Amino acid sequence: MVKIALQFKANLENVTELQADGEDFRWYLKFRCTNCGEESDKWIYLSQDETVPMKGSRGKANLVTKCKMCSRDCSIDILPETITKYTIEDSNTFKSIVAFDCRGVSIIDFSPRNGFKCHGVDSNTMFEDVNLEEREWVDYDDRQNQPVGIYEVEHKFINIK
Ligand SMILES: [Zn+2]
């Protein structure tokens with residue numbers, strides 16, 4: 001059992017408290033089998049509001065899958081207490097925004113998509129369903145009369161205890 005944190009980095013312009021919005025937020029990931037080293041070539045998502053039973057156990061996990069090379073079962077859980085807001089003060093530094101409990105796999109890639117939210121740094125204007133698929137996002141804060149944006153989105157993974 002390995003805990004892996006997703007570290008996020010971006011340049012926030014006039015918005016803050018960027019976060020994954022709600023339990024139905026979909027984390028799109030790619031995995032590597034820790035048994036045989038096979039790497040998945042397709043994106044698989046998991047979300048907090050979906051759980052499936054694990055084979056041969058009474059437990060459940062957010063994602064249960066099987067390595068297509070060695071057929072080893074593996075499962076991944078989102079650790080909800082690790083979900084963290086990324087603020088404008090965090091800009092241009094890596095910060096863990098979520099961690100996953102991984103059994104039988106490690107995580108090799110992340111695809112940010114829609115479902116993020118944030119708000120204007122001075123106005124509390126809410127921006128919902130922010131899409132970071134292009135690794136940047138721009139909008140306009142009508143209350144504050146200023147452009148807002150998220151730029152230079154990067155990520156990496158670290159093992160945590
Ligand atoms: Zn395998």
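Me: Let's start with the sheet. What is the strand order in the open sheet of six strands, and is the pairing parallel or antiparallel?

Reply: The general idea is that strands of a sheet pair through backbone hydrogen bonds, in either a parallel or an antiparallel way. Keep in mind that this is a predicted model. Here the order across the open sheet reads β7-β8-β9-β1-β14-β13, and the pairing is antiparallel.

Me: Which strands are the edge strands?

Reply: Look for strands that pair on one side only: those are β7 (63-66) and β13 (137-141). As you step across the sheet, the twist averages 30° from one strand to the next.

Me: Can we zoom in on one of those edges? How many bridges join β7 to β8?

Reply: Four bridges join them, and the two strands run antiparallel, with β8 covering residues 73-78. To get your bearings, find L63: its bridge partner in β8 is I76.

Me: And where does strand β2 pair?

Reply: β2 pairs with strand β11 (residues 116-120), in the antiparallel sense, over four bridges. One landmark there is V15, which stands opposite G120 in β11. Strand β2 spans residues 15-20, and five of its six residues are buried, so read "mostly covered" in terms of the cut-off for buried, under 20% relative accessible area.

Me: Is C33 buried or exposed? And what about C67?

Reply: C33 has 6% relative accessibility, so it counts as buried. C67 is buried too, with a relative accessible area of 8%.

Me: Next, charges. How many salt bridges does the structure hold?

Reply: In general, side chains of opposite charge can pair when their charged atoms come close. This structure holds nine salt bridges. One of them joins K117 and D21, with the closest N and O atoms 3.5 Å apart. K117 lies in strand β11 and D21 in the loop between β2 and β3, so the pair ties together parts that are 96 residues apart in sequence. D21 is partly exposed, with a relative accessible area of 28%.

Me: Which residue forms a salt bridge with D73?

Reply: That's K66, and the closest N and O atoms of the pair are 3.8 Å apart. D73 is partly exposed at a relative accessible area of 36%, and K66 is partly exposed as well, at 43%.

Me: What do the side chains of R103 and D101 do?

Reply: They meet in a salt bridge at 3.4 Å, N to O. The contact can also be read as a polar contact between the two side chains, at 3.4 Å. R103 counts as partly exposed at 23% relative accessibility, whereas D101 counts as buried at 9%. Salt bridges that share partners join D77, D101 and R103 into one network.

Me: Last topic: backbone torsions. What is phi of E17?

Reply: The background is that most residues other than glycine have a negative phi. Phi of E17 is near 55°, a positive value in a residue other than glycine. E17 is found in strand β2, and it is partly exposed, with a relative accessible area of 29%.

Me: Where does N92 lie, and what is its phi?

Reply: N92 lies in the loop between β8 and β9. Its phi is near 65°, again a positive value in a residue other than glycine. At 41% relative accessibility, N92 counts as partly exposed.

How values were computed:
Residues are numbered from 1 along each chain as its sequence is written. This is a predicted model: local features need pLDDT of at least 70, side-chain atom pairs count only at pLDDT 80 or more; totals for chains, interfaces and linings use all residues. Side-chain values use heavy atoms; hydrogens and water are left out. Two strands pair if DSSP finds at least two bridges between them. Axes are lines fitted to C-alpha atoms, for helices over the stretch in contact, and angles run from 0 to 180 degrees between N-to-C directions. Buried means under 20% relative accessible area, exposed over 50%, partly exposed in between (1.4 Å probe, protein chains only). A salt bridge is a side-chain nitrogen of Lys or Arg within 4 Å of a carboxyl oxygen of Asp or Glu. A polar contact is a pair of N or O atoms within 3.5 Å; within protein, one must be able to donate a hydrogen and the other to accept it, and residues adjacent in sequence count only if both atoms are side-chain atoms.
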